[in-house]
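Please look at the sequence and the fold side by side, and keep both in view while you read. The paragraphs below move from an open space to a strand and then to pairs of rings.

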Amino acid sequence: MSVHALAVLLQARVAELPEHRIANIFNPMASPAQAEYKIAMLSFAITGAIFVVVAGLITYAIWRYRRKPNDATNQEPPQVYGSTQIEVAWTVIPILIAFVLVGVSARVIAGVQNASPPAEALKITIIGHQWWWEVRYPDYGIVTANEIHVPATADGKNAAYLQLQSADVIHSFWVPQLSGKMDLVPNRTNYMWIDPREPGVYLGNCAEYCGTQHANMLLSVVAQEPGDFKAWAAAQQRAAVIDPQQAANKAAFEALSCVNCHAVRTTSSPGSGPAKFGPDLTHFMSRRTLGAGVVTNTPQHLREWVDDPNIAKPGCYMPSMKLTDSELSQVVSYLQSLQ
Ligand code: CUA
């Protein structure tokens, strides 16, 4: 099968996956999110009960001791001073409640944080940038962006382990249906793991204000059947397609400043080395969106994006290169060949 046909097939298979458009914390689909959901429900139940008791007592007191028509005008209710039983009760009960909440939270946090990866675990390095996500698979030599492909794992045995880093400021990785938030901090590596139980596309956001386009730093986790994941990984490992018909367009792309920030890998050697300033474009057309999820990857959007990214994503660091119409057509045509 040609690389192109394989890429088209893989894209069609991703399109068939159910998309969890609403990042719903009440519908957890992975172990960390499930554990956190349960403890959130317990906290809701305890604090809900406290609310009902306190609000109920206040309502009852307001109603029961309201002023009645034959009350004497400046009469005070009986005053209670220093009841040891009451003071012990309202000190001990809140302390016990706080102990329960702290204890169960600590247990869940430790359970999620301390899970160490099995030797054969899929490892992914995610590097936050203003305002996109670099995604690396060190064992596969894959470098991609904004879409994190992982195998779905019905029994939770094939979790993906994420190393979270940042190239600039603090970001926060949050895919609500898969796990709680974890910050990406410069000069530090944080860890988390996800084990999506069903194939699907799980949407997430950056959850730490990181500058102008923080709100448009979107990401998606594409959980695929293990076979489909392997096929995706194999396609991503290949070097960029070299289409002889694109020679002139490729030359135009390389003559412009695009290559200062974006890599197009032309050898099959694993992509490694330092973080690039912009997303790797080797298999650009395998991604569903542009600008970290701002617009879908259609020919029209791509042309508008290359023409001036600041229209779709004001403040983003990719400048308008003020390309002529024919240069624009060449660049877009070349990018579209990068299956
Ligand atoms: Cu990255 Cu907010």
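Helices (H or I, at least four residues) and strands (E, at least two) are DSSP runs, numbered from the N terminus. The model is a predicted one, in which local features need pLDDT of at least 70 and side-chain atom pairs count only at pLDDT 80 or more, while totals for chains, interfaces and linings use all residues. Residues are numbered from 1 along each chain as its sequence is written, and side-chain values use heavy atoms, with hydrogens and water left out.

On a 1 Å grid over the protein atoms alone, a pocket is an open set of points where a 1.4 Å probe fits, with protein on both sides within 12 Å along at least five of seven lines, and lining residues have an atom within 4 Å of a point. The largest pocket has 37 lining residues, and those closest to its centre are His262, Gly278, Pro279, Trp305 and Met318. Helix H7 gives the largest share of this lining, three residues.

Strand S5 (residues 147-151) is mostly covered, since five of its five residues are buried, where buried means under 20% relative accessible area. Glu147, His149 and Pro151 point one way from S5, whereas Ile148 and Val150 point the other way. In a regular strand the side chains alternate between the two faces of the sheet. Two strands pair if DSSP finds at least two bridges between them, and five bridges join S5 to strand S11 (residues 218-224), the two running parallel. Within this pairing, Pro151 stands opposite Gln224 in S11.

Ser220 also lies in strand S11 and is buried, with a relative accessible area of 6%. Leaving aside residues up to four places away in sequence, Ser220 touches several residues, including Glu147 and Ile148; contact here means heavy atoms within 4.5 Å.

How many aromatic pairs does the structure hold? There are nine aromatic pairs, where rings of Phe, Tyr and Trp (its six-membered ring) pair if their centres lie within 6.5 Å, and planes under 30 degrees apart count as stacked, over 60 as edge-to-face and the rest as tilted. One of them is the tilted pair of Tyr137 and Phe229, with 6.4 Å centre to centre and 40 degrees between the planes. Tyr137 lies in strand S3 (residues 132-137) and Phe229 in helix H4 (residues 226-237), so this pair ties together parts that are 92 residues apart in sequence.

How values were computed
Buried means under 20% relative accessible area, exposed over 50%, partly exposed in between (1.4 Å probe, protein chains only).
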